[in-house]
Amino acid sequence: LDTSPSLFFFWLMIGSLAMASVLFGGAAALLMLSVVLPIARDLPQGSNHAKRWLLGIAFACGFGAFLLPISGPPALIAISLLREYGATIDFGLWMLVSVPVCFLCTIAAWMLLCIIYPVKPGNPFETEEEERDEPHAGEPVAARRRSSISGALIRRRSSFQGAATAGEHRTSVP
């Protein structure tokens with residue numbers, strides 16, 4: 001299994017496309033952003049990962065709004081305009097056209113964002129100083145990447161739990 005940042009970004013966009021096809025595009029984008037933002041906050045300053053992720057989610061959710069005839073207002077408006085001019089389109093024909101077009105647009109946007117916002121292969125959570133002082137230098141890169149991503153998620157979770165428990169210790173004086 002390849003764990004490159006570009007492959008993760010590709011599957012993030014495909015997931016956003018699929019979610020936007022069954023949810024309203026704005027709701028799908030908010031759900032995907034709620035997953036990505038806590039991870040993006042732990043990235044080093046100047047990293048292109050967050051720019052890629054945010055733009056990729058926006059583009060994929062926009063394309064996903066056309067994937068199904070009931071995906072969102074743009075698809076419904078297109079169907080009503082077609083009916084106004086005497087053309088009827090059924091679900092199967094819509095899917096026959098929209099699935100390849102939406103997937104090709106998503107792949108094209110992924111490639112374009114990978115070119116515009118290049119990233120170095122490897123762990124995006126490590127700075128250059130951390131790479132020199134790496135305590136796990138003998139471990140495979142994929143194992144180090146998984147451990148640092150899970151570490152970032154655990155740090156984020158513990159900060160949320162710390163904030164929740166701090167609120168419990170407050171007492172109000174009558």
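Visitor: In which helix is the place of lysine 51?

Guide: This is a predicted model, in which local features need pLDDT of at least 70 and side-chain atom pairs count only at pLDDT 80 or more, while totals for chains, interfaces and linings use all residues. Residues are numbered from 1 along each chain as its sequence is written, and side-chain values use heavy atoms, with hydrogens and water left out. Helices (H or I, at least four residues) and strands (E, at least two) are DSSP runs, numbered from the N terminus. On that numbering, the place of lysine 51 is in helix H3.

Visitor: Is lysine 51 buried, exposed or partly exposed?

Guide: Buried means under 20% relative accessible area, exposed means over 50%, and partly exposed lies in between, with a 1.4 Å probe and protein chains only. Lysine 51 has a relative accessible area of 40%, and therefore counts as partly exposed.

Visitor: How far apart in space are lysine 51 and leucine 113?

Guide: Along the sequence, lysine 51 and leucine 113 are 62 residues apart. From C-alpha to C-alpha, the separation in space is 8.9 Å.

Visitor: What part of the 174 residues in the chain is buried?

Guide: The chain exposes about 11100 Å², of which carbon and sulfur atoms supply 69%; such areas come from the Shrake-Rupley method with a 1.4 Å probe, and for residues only the protein chains shown count as cover. Of the 174 residues in the chain, the buried part is 32%.

Visitor: At roughly what angle do the axes of H2 and H3 cross?

Guide: Two packed helices are described by the angle between their axes and the distance between the axes. Axes are lines fitted to C-alpha atoms, for helices over the stretch in contact, and angles run from 0 to 180 degrees between N-to-C directions. Helix H2 covers residues 25–41 and helix H3 residues 49–64, and their axes come within 9 Å. The angle at which they cross is roughly 165°.

Visitor: Are H2 and H3 roughly parallel or antiparallel to each other?

Guide: Angles under 35 degrees count as roughly parallel, over 145 as roughly antiparallel, 65 to 115 as roughly perpendicular and the rest as oblique. H2 and H3 are therefore roughly antiparallel to each other.

Visitor: Which residues in H3 meet H2?

Guide: Contact means heavy atoms within 4.5 Å. On the H2 side, the residues include Met32, Leu33, Val36 and Ile39. On the H3 side, the residues are Ala50, Trp53, Leu54, Ile57 and Cys61.

Visitor: Is tryptophan 53 buried or exposed?

Guide: Tryptophan 53 has its place in helix H3. Leaving aside neighbours within four places in sequence, tryptophan 53 is in contact with Phe8, Phe9, Leu12, Val36, Ile39, Ala40 and Leu43. Because its relative accessible area is 5%, tryptophan 53 is buried.

Visitor: Which residues in H5 does H3 meet?

Guide: The axes of H3 and helix H5 (residues 91–116) come within 10 Å and cross at roughly 165°, and H3 and H5 are therefore roughly antiparallel to each other. From H3, the residues taking part are Arg52, Leu55, Gly56, Phe59 and Phe63. From H5, the residues they meet are Cys102, Cys105, Thr106, Ala109, Leu113 and Cys114.

Visitor: Which residues does serine 6 touch?

Guide: Serine 6 is found in helix H1 (residues 5–22), and with a relative accessible area of 24% serine 6 is partly exposed. The C-alpha atoms of serine 6 and leucine 113 are separated by 9.8 Å, although these residues are 107 residues apart along the chain. Not counting residues up to four places away in sequence, serine 6 touches Arg52, Trp110 and Cys114.
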